[in-house]
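This briefing is for a reader who has not seen the structure before. Please look through the sequence and the model, then read the points below.

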Amino acid sequence: MIRIANTLDKKTIRQIYKLHKICLPNDLLPNLNYIHYKAILNKMTNVSNGFFLLSENGPVLTGVLFIQRRYNFITRTVLEHPFLTFFSIIKLSIFNPRKLKEVLALMQPNSVYTNLEKTPEIFMFFIASDIQGEGLGTNMLKKAYTILSANNIRQLKTKTSSETALQFYLRKGFVKIANQKRGDRVFAILVLGL
Ligand SMILES: CC(C)(COP(=O)(O)OP(=O)(O)OC[C@H]1O[C@@H](n2cnc3c(N)ncnc32)[C@H](O)[C@@H]1OP(=O)(O)O)[C@@H](O)C(=O)NCCC(=O)NCCS
């Protein structure tokens, strides 16, 4: 059964943590200790206005999909708090010139980048290893599309550094629009029109 969860209880967070560690051992999040992980998951649901889709087979968690509906923090700062923007820009120009370029692009009304930043993002997605390739991921995505469409959302984006996941997203109709380098990993950025 696939259910939507806007908040998570302790037991569910622990199950998600365990599954995340098994499915994506190289991810940053599951390598945090459990206390941090729990805090981040709670923040994700509170701050990002996102939602979890959880697939359960009785008491066993079999799949997790988290869609982040709000754009990221810096973007929100730029769009909603012009005063803070001034300081963000000064700070970014010193510490992160590349991000500054993105932020300046964002400030141009109707730029492609602005639209993309407002697009909800698949932030977490994993299916229990023993049932991958059996259609559950597809079903969870379909459920997410229904929820997003009912909320008049017409675009969904994601990023991945995994070749298998990239092939999966391409099969599901996502279009790769860019590569983003972070450390020694390259992430493909993908977008799907709903
Ligand atoms: C990527 C992932 C979420 C896809 O979920 P899934 O339930 O395995 O995918 P599905 O079974 O619904 O669909 C897989 C598609 O790829 C093909 N596929 C076949 N074997 C596959 C496999 N072992 N893994 C992935 N895809 C496979 C299927 O043919 C299907 O295509 P089709 O619907 O056009 O026939 C899942 O494999 C996973 O959790 N991977 C590890 C974690 C990960 O990489 N997550 C993404 C991080 S961004």
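Leaving aside neighbours within four places in sequence, L65 is in contact (C-beta atoms, placed from the backbone, within 7 Å) with L53, I122, M124, F125, M140 and A144. The model is predicted: local features need pLDDT of at least 70, side-chain atom pairs count only at pLDDT 80 or more, and totals for chains, interfaces and linings use all residues. Residues are numbered from 1 along each chain as its sequence is written.

**Nonpolar core**
- V64 and L65 touch the most other members of the largest nonpolar core, which has 20 residues.
- Such a core is a set of buried Ala, Val, Leu, Ile, Met, Phe, Trp, Tyr and Cys residues joined through C-beta atoms within 7 Å.
- A residue is buried if 20 or more other C-beta atoms lie within 10 Å of its own, exposed if 12 or fewer, and partly exposed in between, with C-beta atoms placed from the backbone.
- Two or more residues of this core come from each of α1, β2, β3, β4 and α7, and β4 gives the most, with five.
- Helices (H or I, at least four residues) and strands (E, at least two) are DSSP runs, numbered from the N terminus.

**Sheet**
- An open sheet of mixed pairing holds seven strands in the order β1-β2-β3-β4-β5-β7-β6; two strands pair if DSSP finds at least two bridges between them.
- Its edge strands, β1 (2–5) and β6 (175–182), each pair on one side only.
- Neighbouring strands are turned by 25° against each other on average, direction ignored.
- Four bridges join β1 to β2 (residues 51–57) in the antiparallel sense, and R3 stands opposite L54 in β2.

**Helices across the sheet**
- α1 (residues 10–23) lies across β2, β3 (60–68) and β4 (121–127), at about 90° to β3.
- α8 (residues 163–171) lies across β5 (155–160) and β7 (185–193), at about 160° to β5.
- These angles run from 0 to 180 degrees between N-to-C directions, with axes fitted to C-alpha atoms, for helices over the stretch in contact.

**Around the ligand**
- The shell has 18 residues, of which Q132, G133, G137, T138 and A165 come nearest; a residue is near if its C-beta atom, placed from the backbone, lies within 6 Å.
- β4, α7 (136–150) and α8 each give two or more residues to this shell, and the largest share, four residues, is from α8.

**An exposed loop residue**
- N152 lies in the loop between α7 and β5, and its phi is near 60°, a positive value in a residue other than glycine.
- N152 counts as exposed because it has 7 C-beta neighbours inside 10 Å.

Note on methods
Two residues are in contact if their C-beta atoms, placed from the backbone, lie within 7 Å.
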